[in-house]
Amino acid sequence: SMSDKLTDLYNRLGYHNFAVNMFRRSHETGERLGVLFMDMDKLKYINDTFGHACGDDAIRSIATSVKNSIPAEAVPVRYGGDEILVITPIDKDEDMEEIVNRIHEDIPKTARGFNLPVLPDVSAGYVITDPGSPLTLEEYVEEADKLMYNEKLLKRVERG
């Protein structure tokens with residue numbers, strides 16, 4: 001199976017079959033890709049306060065918002081417990097910001113459909129690949145992860 005049963009996103013096998021091949025093709029065609037790394041905010045709070053079934057629903061709602069917000073040719077992956085990775089062809093850098101904004105805008109609507117007691121959210125970081133670069137897809141994912149983590153830290157500081 002190449003899909004995650006909880007979210008219906010690709011799992012790591014799907015990532016290797018689709019995203020890695022997309023990355024290889026982008027080097028051949030010169031196409032740039034967006035690499036978006038997201039981590040759900042407040043999952044521990046949701047699990048501890050409302051139970052793990054509610055946490056699973058929160059993860060499903062985030063995955064649904066991602067699927068609702070990305071281009072059809074994008075590869076969405078449940079990368080870890082509450083981590084989601086998206087690899088997508090892009091035309092211009094602003095496309096990635098638009099995707100992130102669409103995901104954030106879709107989350108409240110989708111979460112209401114899951115009857116969640118609190119609205120989940122995600123921290124996100126993204127990078128744009130350079131087809132002429134020697135960087136690997138994994139290195140781009142690591143960079144997007146670092147940027148996501150910086151956003152998560154900023155949110156914690158803002159909350160106090």
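**Reading helix packing and burial**

Tutor: The buried residues of H5 are covered by elements that include H1, S1, S3 and strand S4 (121-128). The model we are reading is predicted.

Student: Which residues of H5 are buried?

Tutor: A residue is called buried when its relative accessible area is under 20%. In H5 these residues are Leu-137, Tyr-140, Val-141, Ala-144, Met-148, Lys-152 and Lys-155.

Student: At what angle do the axes of H1 and H5 cross?

Tutor: The axes of helix H1 (residues 12-29) and helix H5 (residues 137-159) cross at roughly 100° and come within 10 Å. Angles of 65 to 115 degrees count as roughly perpendicular, and H1 is therefore roughly perpendicular to H5. From H1 the contact draws on Tyr-15, Ala-19, Val-20 and Phe-23, and from H5 on Leu-137, Glu-138, Tyr-140 and Val-141. By class, these are seven nonpolar, no polar and one charged residues.

Student: What is the angle between H3 and H4?

Tutor: Helix H3 (residues 52-69) and helix H4 (residues 94-113) pack at about 135°, with axes 8 Å apart. The two helices are therefore oblique to each other, and the crossing of H3 past H4 is right-handed. On the H3 side, Ser-61, Ile-62, Thr-64, Ser-65, Val-66, Asn-68 and Ser-69 take part, and they meet Ile-99, Arg-102, Ile-103, Asp-106, Ile-107, Thr-110 and Ala-111 of H4. The residues of this contact comprise six nonpolar, six polar and two charged.

Student: Which residues make the contact of H2 with H3?

Tutor: Helix H2 (residues 43-50) and H3 have axes that come within 7 Å and cross at roughly 145°. H2 contributes Leu-43, Ile-46, Asn-47 and Phe-50, while H3 contributes His-52, Cys-54, Gly-55, Ala-58 and Ile-59. Six of these residues are nonpolar, three are polar and none is charged.

Student: Is Lys-109 buried or exposed?

Tutor: Exposed means over 50% relative accessible area. Lys-109 has 51% relative accessibility and therefore counts as exposed. This residue lies in helix H4. Its C-alpha is 9.4 Å from that of Ser-61, although Lys-109 and Ser-61 are 48 residues apart in sequence.

Student: And what is Met-38 in contact with, beyond its neighbours within four places in sequence?

Tutor: Met-38 belongs to strand S1 and, at a relative accessible area of 2%, is buried. Beyond those neighbours, its contacts are Val-66, Asp-82, Glu-83, Ile-84, Val-86, Ile-103, Val-122, Ser-123, Ala-124 and Met-148. Along the chain, Met-38 and Lys-152 are 114 residues apart, with 9.8 Å between their C-alpha atoms.

How values were computed: Residues numbered from 1 in each chain as written. Predicted model: local features only at pLDDT ≥ 70, side-chain atom pairs only at ≥ 80, totals over all residues. Heavy atoms only, no water. Axes fitted to C-alpha atoms, helices over the stretch in contact; angles between N-to-C directions. Helix = DSSP H or I, 4+ residues; strand = E, 2+ residues; numbered from the N terminus. Parallel < 35°, antiparallel > 145°, perpendicular 65-115°, else oblique. Left-handed = near helix turned anticlockwise from the far one by under 90°. Contact = heavy atoms within 4.5 Å. Nonpolar A, V, L, I, M, F, W, Y, C, P; charged D, E, K, R; others polar. Buried < 20%, exposed > 50% of the residue type's maximum accessible area, 1.4 Å probe, protein only.
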